Amino acid sequence: MFDARERSAALPSDPFQWIGMDGETYTLPNASTLTGADADRLFGGDLAVIREVGGQAAYDALMAMPARLQLDFATAWTKHSRESGKEASPSSPTRTAAKRSK
């Protein structure tokens, strides 16, 4: 059975950081943690979601970027949400001893 609470707890939660046009570092929550309603608003062009989830300073830093960079920013934020929390792949697989059946 699909349990949204259980699956939600397993989502990556590493915050997303970026450097704004002013050289300062800003942080947003992991895009994986946005609610469906927030994502719908954001994808519909409502950038006020950034202010609501990240604060006024993060919103101002995003608004200070050239509009073209905002598209790159959105791509980087969503890419981070897909890649964060993944464990590094080992260079070679670890072998496990086979258990004998009784």
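Modeller: Let's begin with a definition: two strands pair if DSSP finds at least two bridges between them. This is a predicted model, where local features need pLDDT of at least 70, side-chain atom pairs count only at pLDDT 80 or more, and totals for chains, interfaces and linings use all residues. Residues are numbered from 1 along each chain as its sequence is written, and side-chain values use heavy atoms, without hydrogens and water.

Biologist: What makes β1 and β2 a pair?
Modeller: Strand β1 (residues 16-19) joins β2 in the antiparallel sense over 4 bridges, and the definition asks for at least two. In their hairpin, with 5 residues between the strands, Gly 23 takes a positive phi near 85°.

Biologist: Why is Asn 30 called buried?
Modeller: Its relative accessible area is 1%, and buried means under 20% (exposed is over 50%, partly exposed in between, with a 1.4 Å probe and protein chains only). So Asn 30 counts as buried.

Biologist: Why are Phe 16 and Phe 73 called an edge-to-face aromatic pair?
Modeller: Rings of Phe, Tyr and Trp (its six-membered ring) pair if their centres lie within 6.5 Å; planes under 30 degrees apart are stacked, over 60 edge-to-face, the rest tilted. Phe 16 and Phe 73 are 5.6 Å centre to centre, with 75° between the planes, which makes the pair edge-to-face. Phe 16 lies in strand β1 and Phe 73 in helix α5 (residues 67-83), so the pair ties together parts 57 residues apart in sequence.

Biologist: Which rings form the cluster?
Modeller: Ring pairs link Phe 16, Trp 18, Tyr 26, Phe 73 and Trp 77.

Conventions: Helices (H or I, at least four residues) and strands (E, at least two) are DSSP runs, numbered from the N terminus.
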